[in-house]
Amino acid sequence: MKILVLNGSPKKKSDTFRMTEAFLKGLNKDNKHEVDVINVIDKKIAPCRGCFGCWEQGNGHCIFDDDQNGILDLYRTADLIIWSFPLYCYSMPSHLKAVLDRTIPLLKMDMVQQPDGSIRHIPLVDFSRIHTFVICGCGFPDWDGNFDSLRLMCKTCFRDPDMVFVPEAPLMNVPAAAIVADPLLERFEKAGEEYASTLTLSSETVMELETPMIPKEEYIRNVNGH
């Protein structure tokens, strides 16, 4: 299986990517998968200009030849794409959103109505064979109200991907919090093993991964006293 990991954290010491690394460790436990990790912040990817030159040439590439075209080549051949990023203003960081915006070369201008009534552009790539997994961490102490808009965006863009949204993610890189962070990393590794065998996660597993590590009041007290 070819796995493309799009790491959207701008930091070298990323809270969210620690969880993603643990997930990958379990997923690729037997070292039988081909894994490409792209640190998006290190790439030259301009915002989409909306010129539709990609639709005019129709070859699956953007007419502006920066690092995005290399990502598109990996994207179209991947069996699994993992989007890993911290929550920024209830969505994904702008440099990663640029990657998403500039996947339109993988579509045609022509539209077709889906069985559910929605209208979609006709793809140049068989997206039905590509599995998508979203891992996002945030600095808030709970789930409700913080990931709602992101969940809707990912569900619409990626057509019901597997998603794990983790509150209190900054605890991943606090040494004193290792007593609660390390068990969560172990759960992510086991989740990776589960995904390797089923290409999905049970609702019980997702709930375990998304459960806050410490009580909300304690987390807020620690943040405010920092």
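Of the 226 residues in the protein chain, 44% count as buried. The model is a predicted one, and its chain is built from eight helices and seven strands. With a radius of gyration of 18 Å, close to the 17 Å given by the globule rule for 226 residues, the chain is as compact as a globular protein of that length. The C-alpha trace spans about 55 × 35 × 35 Å along its principal axes. As for who touches whom, residues 24 or more positions apart make up 73% of the contacts that have a separation of 6 or more.

Next come the open spaces. The largest pocket comes in at about 890 Å³. Two or more lining residues come from each of helix H4 (94-101), strand E4 (107-113), strand E5 (119-123), strand E6 (131-137) and helix H5 (148-158). E5 is the top contributor here, giving five residues. Sorted by class, the lining of the largest pocket splits into 16 nonpolar, seven polar and seven charged residues.

The second largest pocket has a volume of about 300 Å³. Its lining is made of 13 residues, with Leu-171, Val-174, Tyr-219, Asn-222 and Val-223 lying nearest the centre. Helix H6 (178-198) and helix H8 (216-224) each put in at least two of the lining residues, and H8 gives the most, with four. Ten nonpolar residues, two polar ones and one charged one make up the lining of this second pocket.

What about enclosed space? Searching the whole structure for cavities of 30 Å³ or more turns up one. The largest cavity has a volume of about 100 Å³. Its 14 lining residues include Cys-48, Arg-49, Cys-51, Cys-62 and Arg-102, which lie nearest the centre. By class, ten of the lining residues are nonpolar, two are polar and two are charged.

One of the residues around this cavity, Arg-102, also turns up among the contacts of Asp-66. Asp-66 sits in the loop between helix H2 (53-57) and helix H3 (68-77). Is Asp-66 buried or exposed? Its relative accessible area is 15%, and because anything under 20% counts as buried, Asp-66 falls in that class. Leaving out residues up to four places away in sequence, Asp-66 touches Lys-44, Ile-45, Ala-46 and Arg-102. For Ala-46 there is a bit more detail: its backbone nitrogen lies 3.0 Å from a polar atom of the Asp-66 side chain.

Cys-138 has a relative accessible area of 4% and is buried. Which residues does Cys-138 touch, not counting those up to four places away in sequence? They are Leu-87, Phe-147, Val-166, Pro-167, Glu-168, Ala-169 and Pro-170. Pro-170 is 32 residues from Cys-138 along the chain, yet the C-alpha atoms of the two are separated by 7.5 Å.

Note on methods. Residues numbered from 1 in each chain as written. Predicted model: local features only at pLDDT ≥ 70, side-chain atom pairs only at ≥ 80, totals over all residues. Heavy atoms only, no water. 1 Å grid on protein atoms, 1.4 Å probe; cavity = no way out; pocket = protein on both sides within 12 Å on 5 of 7 lines; lining within 4 Å. Points joined across faces, edges and corners; volume = space filled by probe spheres on them. Nonpolar A, V, L, I, M, F, W, Y, C, P; charged D, E, K, R; others polar. Buried < 20%, exposed > 50% of the residue type's maximum accessible area, 1.4 Å probe, protein only. Polar contact = N/O pair within 3.5 Å; in protein donor to acceptor, adjacent residues only side chain to side chain. Contact = heavy atoms within 4.5 Å. Rg over C-alpha atoms; globule rule 2.2 N^0.38 Å.
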